[in-house]
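This report describes selected side-chain and strand contacts of one protein model. The sequence and structure are shown first, and the description follows.

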Amino acid sequence: MCSKSTMASTPSCVESVGNKVDESIVSIFLKLGRFCSYRPKTTIALALTIAVACAGGIAKLTTENRPDKLWVPQNTEAEKEQDAFLSYFPPTSRFENVIASGNPDGSNVVSKERLVEAMEMHGAIESGKSIYEGKEYTLTDLCTPAGGTCASYDPTDAICNCLVVSVLKMWNYDLSTLQADEDILATLNNYGTKEDLEGVLGGAEFDSDDQLVSAEAISISYFLEDRSEVENGNLADPVSEQWEQDVFLATVQKKDDYPSLSLAYLSSRSFSDEFGGEITGDLIYVNVSYLVALIFLGATLGSKFCCGRGSRWAMALSTLVMIALATVAGFGVASLAGLLYGPVHSVLPFVLLGIGVDDAFVI
């Protein structure tokens, strides 16, 4: 029990407790430091054993890339309302879109020449095949079923039963019908109202009677039936993703096949493709950062440049090995504890490298 003192030199109760805690910490780390210095081989063996044991937890690493799980606060009213909405109105389609504008920029895209190229591109997308697990798939196999896609509905024409939104519907997505049309603008003006045309044409111009005169871009949208399932924290639809890669993206990326058009496109897999590419690119920077850290540590730690006891390069390499072991062990322990790995965690190797290098100088 602490008592008040009239002497200025006598520590207060709080100071006494602080001193005791400080002395305990110093004593623990003093013993640990002596153990490491007197038994270096044992220390290295123990460190490697513990690190490898902890790293084994990476076998249970679980990734999570679903936005609603990453960025929506858990166990909140917002999450409950979102879950309730999705239970009644789950996502039903994957979205693919290509915007074809005239080449050069500003050209009228609703000319017969450019519409024919757009129809040829659609034909390649419609007839293209992808293979997944030995089975072939086409657009009509995967599309979201819907009516009204063709101006003249033909139940025997598979594309007329798919949800596709474009002015090309006026020719039932048939190239020969388009080529035989002698009045393109008259046909397009039967698409619907001015607002309907503005929904599928970019930069559309109309005369005083609201009749289409020209346009700068055409939007063609395809909807695939959503077959997504959760795999390792990711929504995956491998059948549709394979078709998107082998057919849709492969077609719209062949820009030389459509010289009078300038193509811009978006696929449901575009985000994951771009994000994965960025992560892969970051791995290069991780390697570069470790190399820079090695050079910096080698130039500052230790007492001599050559090999042997006190070598700067041996100290630098040992520091980086310890940082790498700590990073891998940390990921392993977190995985064993059930923590999820998300996109933000990709910055951790850089953060831990900075902290580890700083600790090397302090210790």
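## A buried threonine in a loop

Thr149 is found in the loop between α6 (139–142) and β4 (164–165); helices (H or I, at least four residues) and strands (E, at least two) are DSSP runs, numbered from the N terminus. The model is predicted: local features need pLDDT of at least 70 and side-chain atom pairs count only at pLDDT 80 or more, while totals for chains, interfaces and linings use all residues. Residues are numbered from 1 along each chain as its sequence is written, and side-chain values use heavy atoms, with hydrogens and water left out.

With a relative accessible area of 2%, Thr149 is buried. In this report, buried means under 20% relative accessible area, exposed over 50%, and partly exposed in between (1.4 Å probe, protein chains only). Leaving aside residues up to four places away in sequence, Thr149 touches Ile159, Cys160, Cys162, Leu163, Val164, Lys169 and Tyr173, where contact means heavy atoms within 4.5 Å.

## Strand β1 and its partners

Strand β1 is mostly covered, as 7 of its 10 residues are buried. Two strands pair if DSSP finds at least two bridges between them. β1 pairs with β8 in the antiparallel sense over 9 bridges, and 6 bridges join β1 to strand β11 (residues 261–266), again in an antiparallel arrangement. Val98 illustrates both pairings: it stands opposite Ile220 in β8, and its bridge partner in β11 is Tyr265.

## Aromatic pairs

A search of the whole structure finds 5 aromatic pairs. Rings of Phe, Tyr and Trp (its six-membered ring) pair if their centres lie within 6.5 Å; planes under 30 degrees apart count as stacked, over 60 as edge-to-face and the rest as tilted.

One of these pairs is formed by Phe95 and Phe223, which is tilted because the ring centres are 5.4 Å apart and the planes lie at 55°. This pair links distant parts of the chain, with Phe95 in strand β1 (residues 93–102) and Phe223 in strand β8 (residues 217–225), 128 residues apart. Phe95 is partly exposed, at a relative accessible area of 32%.

Tyr222 and Phe248 form an edge-to-face pair, 6.3 Å centre to centre with 70° between the planes. Tyr222 lies in strand β8 and Phe248 in helix α10 (residues 238–252), so the pair ties together parts that are 26 residues apart in sequence. Both Tyr222 and Phe248 are buried. Together with Trp243, Tyr222 and Phe248 form one aromatic cluster.

## Salt bridges

The structure holds 4 salt bridges, a salt bridge being a side-chain nitrogen of Lys or Arg within 4 Å of a carboxyl oxygen of Asp or Glu. The following table includes some of them.

| Lys129 | Glu136 | 3.6 Å |

Glu136, the partner of Lys129, is partly exposed with a relative accessible area of 46%. In the remaining tabulated pair, Arg227 counts as partly exposed at 31% relative accessibility, and Glu225 counts as partly exposed at 35%.
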